[in-house]
Amino acid sequence: MTPVVVVGAGPTGLMLAGELALAGVGVTVLERLPEPTGQSRAPGVYAGTLRYWDQRDLLRRFGDRLRVGAHGHFALLPGGLDLGVLDTPRAAALVPQATVEEVLLRWARDLGAVVRRGHEVTGLDAGPDGVELAVSGPDGPYALRASHVVGCDGGRSAVRDLAGFAFPGTPATVDVLLADVAGLAPEDVPLPRDPFPFLRTERGWVGLSVVAPGSVRLFACDFARPPVRGAGPPSFAEVAAAVRDLSGVDISAGTPLWVSRFGNTTRQVDALRRGRVLLAGDAAHVHPPFGGQGIGLGIADAVNLGWKLAARVRGWAPPDLLNSYDAERGPAAARVLALTRAQDALMQGGAGVASLRDFVADLAALPEANRRLAAEVTGLTLRHDVGEDGPLPGRLVPHRELTAPDGTPTTTSALLRRGRGVLVDLDGRHADAAAPWRDRVDTVAARGAVEGAPALLLRPDGHVAWAGAGSPERALRRWFGEPLTGPPLTDRTAPSRAVATEGAR
């Protein structure tokens, strides 16, 4: 039996596979497509995602392919958002989704995850002892049994449908056309820049972004154009005509690289878990892509779920640990969906919306409003209920410079590279507090200041479980189970790491 099968090799599925493999759990990823598309629907990520990647030392793998910036937007309102006011080393970065998938795939494989391309899930039978999958692969159909299955297979998730998850929400009411066009530079598309290239009229809007060097991405939304259910990609001529009609700009001389369309469908599953079947990313929630929340929402799902599912598979998870995935990520996703719905409303047609945009833009220019919106869109307002009081518990640990006792510099993010819990002893009085959990929790003595806390207990996902001067025992038991009564789990039989093979059964 395979410990965990992840269905879908997009950013969410690959991040989850890496998290599971890092925790020593065997994981097989099944991807329906035989090869990556190379397309990048998402153009970038925000601070929350960058912090999760820093915790796993993934920023180094991206290298200079991350174009870090300090500007964002809310519904492309005039003036944009100043993200530089946030307490984070990297507020945002432009990086094509194809690059994200490439980096995460290599990381997951390096850790031992198996990735099978051209393998489509066609059936699912979940029972109390495991999940049986029917799979259609390059060499024909076969069955695969797993302890747990996680659907990360997008908005049209087969896992979600086969497992019977309800997916309530609202259908699309708009149709936005887009095209990646080579042979055009941003200056060849004369749109107002405040600060992003965007033109909104009574009839519709046109926007521009640069996803990859040597090309531009054009968006066009005609308010009078109704969405067509199940419609395929538009033709480039159709996109060019929409851009011309809405803005007067002629892009027909460019070379189309990719054309697509999207709407403002908003849906969220009624639960993220049904027994041994779980959902993450777009399989669990879809929303308008306004604001660039998509990749970040799925990455946060994966980082939250990975260590909890690994703990369940390895046998040390507290009884309610896996349930906390739904309890934490369900409300977090709902908040992001509300944020994208608000931006969607501000992108619609009508004179009333135009006036509302002007009014909200004036408010957003106020320093406190800018800071709040910047924190919301970047994911830095996220806080889970971890049962502890104070300003830190539940939040993603702030990125702070620390020094080890031997003088070696480190950071709060670097302490989480192993994907384990960490007790950070800042006052020299908590060195032995986590010793009974040493198979799951590292203790690090360090010098430095983290919001005045004498010690911190960090979950493997980087969220603060406890910060105080007393004992962390209650938090240790809640998140890491019962303490050791025998040899550490790492000395006992543990799931072996499989060797990654492309296309193998």
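**Figure 1. A nonpolar surface patch in the predicted model.** Patches are made of residues with over 30% relative accessible area and no salt bridge, like charges being joined within 9 Å and nonpolar side chains (Val, Leu, Ile, Met, Phe, Trp, Tyr) within 5 Å. The structure is a predicted model, in which local features need pLDDT of at least 70 and side-chain atom pairs count only at pLDDT 80 or more, while totals for chains, interfaces and linings use all residues. Residues are numbered from 1 along each chain as its sequence is written, and side-chain values use heavy atoms, with hydrogens and water left out. On the surface, Leu356, Phe359, Leu363 and Leu366 form a nonpolar patch with about 380 Å² of accessible area together (Shrake-Rupley method, 1.4 Å probe, only the protein chains shown counting as cover for residues). Leu366 is found in the loop between helix H9 (351-364) and helix H10 (367-378), where helices (H or I, at least four residues) and strands (E, at least two) are DSSP runs numbered from the N terminus. With a relative accessible area of 48%, Leu366 is partly exposed, a class lying between buried (under 20%) and exposed (over 50%), with a 1.4 Å probe and protein chains only.

**Figure 2. The salt bridge between Asp54 and Arg90.** A salt bridge is a side-chain nitrogen of Lys or Arg within 4 Å of a carboxyl oxygen of Asp or Glu, and the structure holds 30 of them. In the pair formed by Asp54 and Arg90, the closest N and O atoms are 3.8 Å apart. Asp54 belongs to helix H2 and Arg90 to the loop between strand S6 (81-82) and strand S7 (92-94), so the pair ties together parts that are 36 residues apart in sequence. Asp54 is buried at 9% relative accessibility, whereas Arg90, at 28%, is partly exposed. Both residues belong to a network of salt bridges that links Asp54, Asp57, Arg60, Arg90 and Arg417.

**Figure 3. The salt bridge between Arg459 and Glu328.** The closest N and O atoms of Arg459 and Glu328 are 2.8 Å apart. Arg459 lies in the loop between strand S26 (455-458) and strand S27 (464-467), and Glu328 in helix H8, so the pair ties together parts that are 131 residues apart in sequence. Arg459 is buried, with a relative accessible area of 0%, and Glu328 is likewise buried, with a value of 7%.
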